[in-house]
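Open the model in your viewer and colour the chain by secondary structure. The stops below go from the whole chain to single residues.

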Amino acid sequence: MTVRSEAKALRPTDAFAALYAQVQQFYAHQMQLLDAGEAERWAATFTEDARFDVPTLPKPVHGRPGLVTAAQRSADALAEAGERHRHFIGMLDLTERPDGVLDVRAYTIVYASRIGGGCRVHRVCVCTDVLVRSGDELHVRTRMVTRDDFP
């Protein structure tokens, strides 16, 4: 009996592994900016004309100025409530288009910590992004967030 291993076919190429690591680093940096309340620096990780669609906002946000406003409003509300949020993005499913644009679908868990109190899972979401390059940097062109607790 011959058993054929599929492992080699599943191994990413070195180029894909490097790209995947770059995308992971991008998200780590971006989410730490958001969690630190760095609204302008966080918004700068999006394209100038980005679209951000998340169910906690009444309508999608377009462009960096709107992203700064939304992120700052959220940071201010958390500070007033005495709470911190930490966004964890994982399980990235990454596809590179022929033109270099990246489609990324990832799971996002938001942890909430009451300052001086306990921690809890705040939200579980799916984040679907389109990432584009500007020189050596990645930027989000579109982000669609869905929540697991919403129908």
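**Whole chain**

Among contacts (heavy atoms within 4.5 Å) between residues at least 6 apart in sequence, 48% join residues at least 24 apart. This is a predicted model, in which local features need pLDDT of at least 70, side-chain atom pairs count only at pLDDT 80 or more, and totals for chains, interfaces and linings use all residues. Residues are numbered from 1 along each chain as its sequence is written, and side-chain values use heavy atoms, with hydrogens and water left out.

With the chain still selected, note that the C-alpha trace spans about 65 × 35 × 30 Å along its principal axes. Of the 151 residues, 34% are buried (under 20% relative accessible area; exposed is over 50% and partly exposed in between, with a 1.4 Å probe and protein chains only).

Now follow the cartoon. It shows four helices and six strands, in the order α-α-α-β-β-α-β-β-β-β from the N terminus. Helices (H or I, at least four residues) and strands (E, at least two) are DSSP runs, numbered from the N terminus.

**The sheet**

Select the strands. They form an open sheet of six, ordered E2-E1-E6-E5-E4-E3, with mixed pairing. Strand E2 (61–62) and E3 are the edges; each has a single partner strand, so one side of each has no neighbour in the sheet. Two strands pair if DSSP finds at least two bridges between them.

Next, pick strand E1 (residues 46–53) and strand E6 (residues 137–147), which pair in the parallel sense over four bridges. Zoom in on Arg51, whose bridge partner in E6 is Thr142.

Axes are lines fitted to C-alpha atoms, for helices over the stretch in contact, and angles run from 0 to 180 degrees between N-to-C directions.

Then show helix H4 (residues 64–81), lying across E1, E2, E3, E4 and E6. H4 runs at about 55° to E1.

**Last stop: Met91**

Which strand holds Met91? Select E3 (residues 83–96), where Met91 lies. Met91 has a positive phi of about 55° although it is not a glycine. Most residues other than glycine have a negative phi. Is Met91 buried or exposed? Met91 is exposed, at a relative accessible area of 65%.
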